Amino acid sequence: MAKDILGDAGLHFDELNKLRVLDPEVTQQTTELKEECKDFVDKIGQFQKIVGGLIELVDQLAKEAENEKMKVSG
C-alpha cells in the first residue's frame with residue numbers, strides 16, 4: 001500500500017531499498033542506453049581511424065599517379 005502511494009507520487013524503491021525518483025525500469029533502460037551509446041561512440045572512433053587511413057592511402061596513390069604522369073609526359 002505504501003509503495004503504491006509512493007509510486008503514484010513518482011517515487012520508487014530500488015533493489016537496495018533506497019528511495020529513487022526514477023522508476024527502476026526506466027533506470028535500467030537508461031543504463032542500457034548509456035552502454036549502447038558508449039559502444040556506438042567507440043565504433044565510430046574506429047571507423048574514423050579506418051577512413052582516415054584510407055584517405056591517406058588514396059592521397060598517396062594520387063600523388064604517385066601524378067608523378068608517373070609527369071615522368072611519361074616529360
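Is Val 51 buried, partly exposed or exposed, and what is its relative accessible area? Please go on from there to the helix that holds Val 51.

Author: Val 51 is partly exposed, because its relative accessible area is 27%, and buried would require a value under 20%. This residue lies in helix H2, and its C-alpha atom is separated by 26 Å from that of Leu 33, which is 18 residues away along the chain. The model is a predicted one, with a mean pLDDT of 87 for the protein and 93% of its residues at 70 or more. Among the elements, helix H2, which covers residues 24-73, has the highest mean pLDDT, 94, whereas helix H1, residues 2-8, has the lowest, 68.

On the surface there is a nonpolar patch formed by Leu 54, Leu 57, Val 58 and Leu 61, and together these residues have about 360 Å² of accessible area. One of them, Leu 57, belongs to helix H2 and is partly exposed at a relative accessible area of 44%. A patch of another kind, a negative one, is made by Glu 32, Glu 35, Glu 36 and Asp 39. Of this group, Glu 35 is placed in helix H2, and with a relative accessibility of 48% it counts as partly exposed, since exposed would require over 50%.

Turning to charged pairs, side chains of opposite charge can pair when their charged atoms come close. The count of salt bridges is three. In one of them the side chains of Asp 42 and Lys 38 meet with an N to O distance of 3.2 Å, and because these two residues are four apart in helix H2, about one helical turn separates them. Asp 42 is partly exposed, at 37% relative accessible area, while Lys 38, at 52%, counts as exposed.

Another salt bridge joins Glu 66 to Lys 69, whose closest N and O atoms are 3.6 Å apart; both residues lie in helix H2, three residues apart, about one turn of the helix. Here Glu 66 counts as partly exposed at 42% relative accessibility, and Lys 69 is exposed at 52%.

In a further salt bridge, the side chains of Lys 71 and Glu 68 meet at 3.7 Å, N to O, and this pair is likewise set about one helical turn apart, because the two residues are three apart in helix H2. Lys 71 counts as exposed at 60% relative accessibility, whereas Glu 68, at 45%, counts as partly exposed.

How values were computed:
Residues are numbered from 1 along each chain as its sequence is written. This is a predicted model: local features need pLDDT of at least 70, side-chain atom pairs count only at pLDDT 80 or more; totals for chains, interfaces and linings use all residues. Side-chain values use heavy atoms; hydrogens and water are left out. pLDDT is the predictor's confidence in each residue, from 0 to 100. Patches are made of residues with over 30% relative accessible area and no salt bridge: like charges are joined within 9 Å, nonpolar side chains (Val, Leu, Ile, Met, Phe, Trp, Tyr) within 5 Å. Accessible areas come from the Shrake-Rupley method with a 1.4 Å probe; for residues, only the protein chains shown count as cover. A salt bridge is a side-chain nitrogen of Lys or Arg within 4 Å of a carboxyl oxygen of Asp or Glu. Buried means under 20% relative accessible area, exposed over 50%, partly exposed in between (1.4 Å probe, protein chains only). Lys and Arg count as positive and Asp and Glu as negative; His and the chain ends are not counted. The place of a charge is taken as NZ of Lys, CZ of Arg, CG of Asp or CD of Glu.
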